[in-house]
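This report walks through a model chain by chain and contact by contact. Keep the structure open while reading.

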Amino acid sequence: MSYETTVDPVDAIDAETQVAIDVDRAKGDFHFPEKHKFDAGVGLSSDTVDYISNVKDDPDWVRAFRHKGLETFLNKPMPTNWATKDLDNIHFDEIRYYLADGQKPKRSWDEVPPEVLETFERLGVPEQERAFLAGVEAQYDSEAAYSNVKEELEKDGVIFVNSTEGLKEHEEIFRPWFGKVIPTGDNKFSALNSAVFSGGSFIYIPKGLKVKHPLQAYFRINSENFGQFERTLIIADEGAEVMYMEGCTAPKFESTTLHSAVVELVAMKGAKIQYVTVQNWSSNVFNLVTKRGIAHEDAEVRWIDCNIGSRLTMKYPGVVMKGERARGEVISIALANNGQHQDTGAKMIHAANHTTSNVVSKSISVGEGRATYRGQVTIPKHLKGCKNNTECDALMINANSKTDTYPAITVRGNQHVTQHEASVSQVSEEMLFYMQQRGISEAAAMSLAVNGFINDLVSEFPMEYSVELKRLIELEMEGSVG
Amino acid sequence: MSLVIKDLHANVEDTPILKGLNLEIPKGEIHAIMGPNGSGKSTLSKVIAGHDDYTVQSGSVTMDGEDLLELDVDERSREGVFLAFQYPAEVPGVSNANFIRAALQARLPKGEELDAVAYYKNLYSKMDVLDMDRKFTARAVNEGFSGGEKKRNEILQMMMLEPKFCILDETDSGLDIDALKIVAKGVNAMRSPDRGFLIITHYQRLLDYIQPDHVHVMSDGQIVKSGDKDLALELEESGYDFLKEGELANA
Amino acid sequence: MSTTIAPMNILETQPQTPAAFPAWFSDLQQQAWQEFLTTPMPTRKDEVWRFGNLKQLNFEGYLDEENTQTEISTPDLPEGVICLPLDQALESHGELVKEHFMKRETRLGSAKFAALHKARVKNGLFVFVPDGVRVEQPIEVRHVLAGDASASFPHTLIITGKNAEVSVFDHFSSANDDDAGLCVAVNDLIAGDGSKLTYCAVQELNLTSRMIQVNATTVGRDAHAVAFTLNTGCQWARNESISRLDAEGAHSDMLSCSIPTGTQQYDQRTYQHHAAPHTNSDLLYKNTLFGTSKTIFSGLILVDQGAHYTDAYQTCRNLMMEDTAEANSMPGLEINADQVKCSHGSTSASISDEEIFYLRARGIAPRQARRLIANGFSVEAVERIRQERLEELVLAAIDRKFSTIS
């Protein structure tokens, strides 16, 4: 856009401060040699789509869906009229779109190939499963290597499988909603995902069932020049409740990696879905994700989103509040470090009376990092009693960081209340002096201040969940790191 | 411990504020500095603490013979210098308990962890002295605090960190008489033969509750008059007009 | 305006600069015409036209006629103050005009129409206040558009010297209710160091007319600029307002009230550009929407790298008077500096039943109560003009609008 300004390259902030406010990125930075039986090769064409369909033995309707997705993708321009020009650095003809070892996902970790097991053990996934999860799906490149859900949940009728199994084995539930919350043509990347999707979860929670422990998916990229395109559909039937958590990491390669997921949530009458993400991709990953939920009458969809990693993330979780008194919420934390652009936000579409939405977004720009908030709130005609509250706060850690906020709020009619507030601030010198006068080093004072800024949102995340977030919390608890 | 300030000159940007200040506070003593607004009292406290905005041009500040001016702010604090701020900063989102804990943790050798149980026990006992509600530990540092709560919080931190040398900068400002008494109680509980105090105040009021050993008058960046606690009463009665009238001969 | 020129289609016929104007101006107009021809029309893809009604940009068939009457009334002007119709200023103070005339880039979407304005402008106002001179009472300018399918391109250029002060009232109205006029107005406000410049535009064109107004304010060291716009007329109006804070201590107030009724549409884009440290800008836009009217507010605060210690505020408030109105708000921030205090807020709400009840309990009829509250809502922005005569003129225009609402 015409507002674009350039930022001169400048010295990074001092190493100690960097360490103190940084998160553990090294943890995911390892990979194993590739052992792929199926490889769709480099580049994207109609043949690539057919290759994937053949390997996965897609039903015809899915094959047709994929081809339509490809066509839409090719016809849609890059959204660089409003988004960053960095998107032009994605070379679609250099990416590998499908890599898999041809194995079905295992129900026991013992059966998982050793290097895959080691990968997930290093990431702490089996340990977390034992500790507090109701089910886990672990995806390695294009396909799930492990997928298991607690037996009693299965008996209650909970379905927790990968998308391939979902569309084949549960077509009657899967197909009516698949691609309905996010149509193929929603944006260029949802179209791309529709063409080459593989992996991701299909979840169905039966009527009235409240799943106590979270379900988790872990998305792992192991291969270079790779694109991961998981597709997740979660349906909570009337009165059901579920929390789903996703984590992700990738090794840091020289070349760029693409991650472009589509996540659709359907909360039927009175249902509640909470979707928690801790995104910690390595800094060569383009993370371009489309996420949206439909909330029917008295239902609630909450997106709890933390973006720490990636080179560029573009993600604006949305809620379509379709039934009366439906609620939508987006809680978002973004940390943009040197070389990163976190372009995140929320879309709240009010489509019934007395619907309520809430957006709280906090971003931290460090060094030359850039954080952008984009929001859309729409309250159309002939509705009554809709409410939206949006708060976005940005914290800047260094003179060279950058933050932007671009909300768009459309309200029709005089029976609604919307409120939007945004602020930009920095850790003041006065605050740092105060903390240092108590003997706390500058670096530790900075990390205390940063954690203080996001503290109220961190409490929205399940405590046990992620290594990454835990570390952020630990900084607050212990204070004197650095 | 003893704090010795010799011929201290300090500037804010290019403006000299401290102009050859001399002061010695032997261990166990409480010294009060009084003086009109703009005399440099608060600057002195910031310079001792090591604030970046002030540049020391010449002179020295030593504590038990160690040169404080060589140290960073946080190093001075860990050496035992404590400043109770006139306007304590707010630290949003960071609870008091975690803040004080971080400050104590910073004083431990690397790898050593603070004993959480002992810490809370200690914290609660000090809070009781200052008549502070337990809920206070969960509130963010100084955020939304009343003037009195902020000052009490300063004294609580002082009691927890057990410094060698305490500077109280206008701690009495904005306090009602009850709060003032509580603050004084905390300070008096801290009095010890090993600890020195510098109390900066505009009014004599606080000194009714914390008896100073010496009172100094500061004007235009220097100590211009020194005496015992009666000097404070004198000043309260006759004000600082004498400074203008050139009656500095007896300083 | 004595020269008569044969009517020309504004989109097709090359403009002819009057012979009395300096050569540089003639060259500038020819260049601008080329620029107009080569600049593409805005499209739906342009972020600066998001939610905008591009159909309103069809200006086919409009003629460049000299129908607009511009009347300038001046208070007693101190010595040295120049206050002239633009055409006369071009002849007598050409160099001064040249230095400041449309020097700033149009970056909020109407570059093509600003170029059209530049190519076709013949009338307007030129004000120069020398160093240290203060003009106490406002200079009042009234543009009356006449003729069906007739276009007008008035320009306002105000320059204040060091520590000078001036205020200008610019009023736009139509000669009758039926002639569909088009007004493409541009103003350049240049507030010199330490000066105070207040500009107030009131747009009361008839409901068949359209208007594009492009404002460029430049604020110097320790200067204070106030730019206010009231929209009550037109079927469609687009306002683009840029304030650039050029030097330390610069302060800019950007204010607006819009009261659309029926099917009126107002599209407002603003830009607070902090190009220097220790600068301050404060924007308040208030929209009171009736009928099926529509407003768009899109604001951006840009803090340049190095523009530390900036305070920038941006607030847009929509008062929804009827269930069929539509308000779009896009309050934006782009911050590239540290140690800044920036915030924006946007609200949309209607008058609450409790408020109405309270006034009714004091014996005020419901309709009157709503009007009182709506009026009070606008006054908050008007009060910040802080110039008695200007506030009076604006409040009178607001009253005129409310008196048409049943």
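## Strand pairing and the model

Two strands pair if DSSP finds at least two bridges between them. With that in hand, M63(B) has E66(B) in β5(B) as its bridge partner. Strand β4 of chain B (residues 54–63) and β5(B) are joined by two bridges, in the antiparallel sense.

The model is predicted. Its scores are ipTM 0.90 and pTM 0.83.

## Confidence by chain

Chain C has an average pLDDT of 93, and 98% of the residues score at least 70. For chain A the mean pLDDT is 87, with 90% of its residues at 70 or more. Within chain A, the elements span a range.

Two stretches of chain A call for caution. Across residues 1–13 of chain A, pLDDT stays under 50, and the model gives this stretch 23 contacts beyond four places in sequence. Residues 473–482 of chain A also have a pLDDT below 50; beyond near neighbours in sequence, the model gives them 34 contacts.

## Which chains touch

Two pairs of chains are in contact, and chains A and C share the most contacts. Chain B and chain C are joined by no contact. Their closest C-alpha atoms lie 16 Å apart.

## Chain A against chain C

Here 36 residues come from chain A and 40 residues from chain C. On the side of chain A that touches chain C, β23 (402–412) and β24 (417–426) each supply at least two residues. β23(A) gives the most, with 11 residues. By class, this side of chain A has 14 nonpolar, 17 polar and five charged residues.

β23(A) and strand β20 of chain C (residues 326–335) run antiparallel, joined by seven bridges. Opposite T403(A) stands I335(C) in β20(C).

## Chain A against chain B

This contact takes 25 residues from chain A and 24 residues from chain B. On the side of chain B that touches chain A, four elements each supply at least two residues: α2 (73–79), β7 (91–95), α3 (96–105) and α5 (147–161). Which element of chain B gives the most to this side? α3(B) does, with five residues. The side of chain B that touches chain A divides into 14 nonpolar, six polar and four charged residues.

## Sheets of chain B

One open sheet of chain B has four strands, in the order β2-β1-β4-β5, with antiparallel pairing. β2(B) (15–25) and β5(B) (66–67) stand at its edges, each with a single partner strand, so one side of each has no neighbour in the sheet.

Another open sheet of chain B has six strands, in the order β6-β9-β10-β3-β11-β12, and its pairing is mixed. Its edge strands are β6(B) (81–84) and β12(B) (222–227), each pairing on one side only. From one strand to the next, the twist averages 20 degrees. Inside this order, strand β3 (residues 30–34) and strand β11 (residues 214–219) of chain B pair in the parallel sense over four bridges. I33(B) has H216(B) in β11(B) as its bridge partner.

α5(B) lies across β6(B) and β9(B) (165–169). The helix runs at about 165 degrees to β6(B).

α5(B) also packs with helix α6 of chain B (residues 177–190), at an angle of about 10 degrees and with the axes 10 Å apart. That angle is why α5(B) is roughly parallel to α6(B). The residues in α5(B) that meet α6(B) include I155(B), M158(B) and M159(B). Among their counterparts in α6(B) are I182(B), V183(B) and V187(B). The residues of this contact divide into eight nonpolar, two polar and two charged.

## Helix packing in chain C

Helices α5 (residues 353–361) and α6 (residues 366–382) of chain C pack at about 120 degrees, their axes 9 Å apart. α5(C) and α6(C) are therefore oblique to each other. Their crossing is right-handed.

From α5(C), the contact uses E355(C), I356(C), L359(C) and R360(C). From α6(C), it uses P366(C), A369(C), R370(C), L372(C) and I373(C). By class, the residues of this contact are six nonpolar, no polar and three charged.

Technical notes
Residues are numbered from 1 along each chain as its sequence is written. Chains are lettered from A and ligands numbered from 1 in the order in which they are written. This is a predicted model: local features need pLDDT of at least 70, side-chain atom pairs count only at pLDDT 80 or more; totals for chains, interfaces and linings use all residues. Two residues are in contact if their C-beta atoms, placed from the backbone, lie within 7 Å. Ala, Val, Leu, Ile, Met, Phe, Trp, Tyr, Cys and Pro count as nonpolar, Asp, Glu, Lys and Arg as charged, and the others, Gly among them, as polar. Axes are lines fitted to C-alpha atoms, for helices over the stretch in contact, and angles run from 0 to 180 degrees between N-to-C directions. Angles under 35 degrees count as roughly parallel, over 145 as roughly antiparallel, 65 to 115 as roughly perpendicular and the rest as oblique. pLDDT is the predictor's confidence in each residue, from 0 to 100. A crossing is left-handed if the near helix is turned anticlockwise from the far one by less than a right angle, and right-handed if clockwise.
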